[in-house]
Amino acid sequence: MSTARTLAIRPDPGGIVPETAMVMAAGLGKRMRPLTATRPKPLIEVAGKPLLDHVFDRLRSAGVKRAVVNVHYLADALEAHLKNRVKGLDIAVSDERGQLMETGGGIVQARTLLGNGPFLVVK
């Protein structure tokens with residue numbers, strides 16, 4: 001007879017969190033249609049705020065100071081949100097309007113914005 005268990009994941013209080021994160025926000029959001037017909041997936045609201053804001057809340061609480069966000073689909077809406085609504089993080093935009101780079105290519109393209117130190121990737 002098996003018993004169900006709940007695993008609690010707790011942050012390591014002695015761990016070092018990189019100051020920079022790469023937030024992958026350039027995707028087309030095809031699986032979320034029709035919600036993404038007029039807005040990019042990172043701006044879809046869940047629990048009263050855009051998915052992207054949930055990500056930024058967690059990054060700030062972990063001690064991240066800077067985020068590089070890649071944009072492609074409906075990039076103007078994402079950039080406006082980043083400019084007008086995001087507080088408490090230094091934001092840099094990696095523009096993929098010309099060509100969607102996928103995950104690895106997006107990181108390579110943003111490399112100069114990410115700097116030489118370690119960074120987190122949020123996909």
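**Terms and values in a predicted chain**

Student: Why is Leu74 called partly exposed?
Tutor: The relative accessible area of Leu74 is 34%. A residue is buried under 20%, exposed over 50% and partly exposed in between (1.4 Å probe, protein chains only), so Leu74 with its 34% is partly exposed. The model is predicted: local features need pLDDT of at least 70, side-chain atom pairs count only at pLDDT 80 or more, and totals for chains, interfaces and linings use all residues. Residues are numbered from 1 along each chain as its sequence is written, and side-chain values use heavy atoms, with hydrogens and water left out.

Student: Why is Ala47 called exposed?
Tutor: Ala47 has a relative accessible area of 73%, which is over the limit for that class, and therefore Ala47 counts as exposed. Ala47 is in the loop between S2 and strand S3 (49–50). Its phi is also positive, about 55°, although Ala47 is not a glycine.

Student: Why does Asp53 count as buried?
Tutor: The relative accessibility of Asp53 is 11%, which is below the limit for buried residues, so Asp53 belongs to that class. Asp53 is part of helix H1. Leaving aside residues up to four places away in sequence, Asp53 touches His81 and Arg85, where contact means heavy atoms within 4.5 Å.

Student: What makes Pro42 a buried residue?
Tutor: Its relative accessible area of 11% does, because this value is under the limit for that class. Pro42 is in the loop between S1 and strand S2 (45–46). Not counting residues up to four places away in sequence, Pro42 touches Ala25, Pro50, Leu51, Leu52 and Leu78. Pro42 and Ala26 are 16 residues apart in sequence, and their C-alpha atoms are 8.7 Å apart in space.

Student: Which residues does a cis peptide bond join, and what is omega?
Tutor: The cis bond joins Arg33 and Pro34, with omega about 15°. Pro34 also lies in the loop between S1 and S2.

Student: What is the order of the strands in the open sheet?
Tutor: The open sheet has four strands in the order S5-S4-S1-S6, with parallel pairing. Strand S5 (90–95) and strand S6 (119–122) are the edge strands, since each pairs on one side only. From one strand to the next, the twist averages 20°.

Student: Why is S1 described as mostly covered?
Tutor: Five of its five residues are buried, and therefore each is under the limit already given for that class. Thr20, Met22 and Met24 point one way from S1, whereas Ala21 and Val23 point the other way. In a regular strand the side chains alternate between the two faces of the sheet.

Student: How do helices H1 and H3 run relative to S1?
Tutor: Helix H1 (residues 51–62) runs at about 165° to S1 and lies across S1, strand S4 (66–71), S5 and S6. Helix H3 (residues 102–114) lies across S1, S4, S5 and S6 and runs at about 145° to S1. Axes are lines fitted to C-alpha atoms, for helices over the stretch in contact, and angles run from 0 to 180 degrees between N-to-C directions.

Student: Where is the kink in H3 centred?
Tutor: The kink, about 35°, is centred on Val108. The bend at a residue is the angle between axes fitted to the seven residues ending there and the seven starting there. The buried residues of H3 are Gly106, Ile107, Ala110 and Leu114, and their cover includes S1, S4, S5 and S6. H3 is followed by Gly115, whose phi is positive, near 85°.

Conventions:
Pairing = 2+ DSSP bridges. Helix = DSSP H or I, 4+ residues; strand = E, 2+ residues; numbered from the N terminus.
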